[in-house]
Amino acid sequence: MSFRTSVKNLINGALFLILILASGSCASFIARNIHWDGADSPVVRILLLTTNSSFTVSSNRVIRISGDGSVTEKMSAVFLPEEIRTTIRVEPNGKPLMLNGIPYRGYFEIVPAQNAMHIINIVRVDEYLSSVVPCEIPSGWEPDALKAQAVAARTYTYYHIIHNRKRGSLYDLDATVNSQVYRGINDERPSTTEAVMDTRGEILLYDGMPILSYFHSTCGGKTSDDAQVWKNNQLPYLNSVKCGYCGESTKYSWETVLSIDEIARHVSVQNPGMGPIRTVTFRRKNDRVTDVSIKHTRGTITISGNNFRLMFPPEKILSLYFTSKKSGSSLVLYGHGWGHGVGLCQWGARGMARSGFNYREILNHYYTQVKIKHTRSGYLASKINASYTVQ
Ligand SMILES: [Zn+2]
């Protein structure tokens with residue numbers, strides 16, 4: 001499995017759950033007016049949408065549309081895929097741009113793709129994070145838990161900016177559970193914006209580079225080595241550590257029943273030649289399932305624990321930290337935690353903050369051997385030889 005696939009699987013498996021966790025706190029909200037000095041925050045390119053249907057960009061003031069050899073100004077514009085032949089830039093004029101009625105900071109680029117269009121939001125990292133953090137963690141949590149999340153999310157963003165620009169990618173991150181959830185201005189909250197601003201420029205470094213700062217909802221008692229989840233990964237800062245602070249999570253312990261029929265139904269999607277199942281064996285390391293061996297009438301299928309988990313709906317197998325017991329034609333799983341268990345445990349961060357630890361202590365607990373560094377303007381450019389400017 002490629003590294004990128006591993007990353008996508010991770011996010012699919014974990015951030016989706018986090019999205020659900022946080023979605024209740026992301027209702028309508030009127031953002032306070034944020035005054036960014038801007039100079040210290042680089043910009044990030046977020047894929048908001050890829051569509052083959054029309055969409056509307058509007059604002060409360062005229063918007064400026066350029067890129068196809070002409071410049072037009074109007075209050076709103078409808079874009080059709082067959083009309084986009086070159087990259088179009090859409091810029092605001094003092095009021096946010098809205099994509100299909102949802103307001104975003106920064107500006108948009110509309111890029112033609114095969115029979116479709118990419119809508120990319122070019123926005124300062126800290127403005128982006130002001131929406132990401134409350135979408136990934138409840139905004140009512142302790143300030144140091146929010147700050148820990150802000151630094152983790154900023155580091156994750158920097159990591160992907162560097163890697164994707166070096167690769168020549170069209171954008172740095174998308175706006176979904178595949179990257180970090182981002183829904184624009186409507187989701188911003190004062191407490192999380194404050195956490196972003198209070199930690200401005202701060203990122204986690206290992207060996208002088210931003211780390212791949214995974215996070216998850218609840219580890220269930222101890223976090224996981226990344227190699228236990230994604231076999232090709234072995235990052236020196238993603239090691240299993242004792243948590244002991246996430247006991248208040250409702251997902252600290254869980255139980256689920258998997259019938260053999262259900263296992264056959266989900267596993268056979270990617271293994272269509274599979275016969276009726278005879279046995280299911282879980283192999284573990286450090287109490288987490290690393291491999292699943294399914295003996296069936298025509299042979300044996302061995303799947304990584306992570307891939308097995310992702311074959312089921314996200315709410316079915318909440319983590320790989322479980323034991324199992326046979327019960328008739330079913331397996332009962334007794335588990336701990338929610339998500340992949342790698343890196344920062346969000347509920348643990350909250351527990352540590354409640355116990356008096358500050359965000360730096362929290363981050364140094366979950367990411368081993370890392371340094372927290374305050375970066376300044378130009379830091380990313382120096383790493384990637386690429387620059388984007390927000391006007
Ligand atoms: Zn934990």
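## Helix contacts and an open sheet in a predicted model

In this predicted model, the protein chain has a mean pLDDT of 88, with 88% of its residues at 70 or more. Two stretches fall below 50. Residues 1–37 have pLDDT below 50, and this stretch has 67 contacts in the model beyond near neighbours in sequence. Residues 386–391 also have pLDDT below 50, and here the contacts beyond near neighbours in sequence number 11.

| Helix pair | Axis approach | Crossing angle |
|---|---|---|
| α3 (residues 143–166) and α9 (residues 359–366) | within 8 Å | roughly 55° |
| α2 (residues 125–136) and α4 (residues 190–198) | within 8 Å | roughly 135° |

For the pair α3 and α9, the axes come within 8 Å and cross at roughly 55°, which makes α3 oblique to α9. The crossing of these helices, α3 and α9, is right-handed. On the α3 side, the contact uses D144, K147, A148, V151 and A152, which meet Y359, I362 and L363 of α9. By class, the residues in the contact of α3 with α9 are six nonpolar and two charged, with no polar ones.

For the pair α2 and α4, the axes come within 8 Å and cross at roughly 135°, and therefore α2 and α4 are oblique to each other. The crossing of α2 and α4 is right-handed. From α2, the residues D126, L129, S130, V133 and P134 take part, and from α4 the contact is made by T192, T193, A195 and V196. The contact of α2 with α4 comprises five nonpolar residues, three polar and one charged.

The chain also holds an open sheet of three strands, ordered β14-β15-β16, with antiparallel pairing. At its edges are β14 (277–285) and β16 (299–304), each of which pairs on one side only. From one strand to the next, the twist averages 20°. Strand β15 (residues 288–296) is joined to β14 by eight bridges, and the two run antiparallel. Within this part of the sheet, T281 stands opposite S293 in β15.

Terms used:
Residues numbered from 1 in each chain as written. Predicted model: local features only at pLDDT ≥ 70, side-chain atom pairs only at ≥ 80, totals over all residues. Axes fitted to C-alpha atoms, helices over the stretch in contact; angles between N-to-C directions. Helix = DSSP H or I, 4+ residues; strand = E, 2+ residues; numbered from the N terminus. Parallel < 35°, antiparallel > 145°, perpendicular 65-115°, else oblique. Left-handed = near helix turned anticlockwise from the far one by under 90°. Contact = placed C-beta atoms within 7 Å. Nonpolar A, V, L, I, M, F, W, Y, C, P; charged D, E, K, R; others polar. pLDDT = per-residue confidence, 0-100. Pairing = 2+ DSSP bridges.
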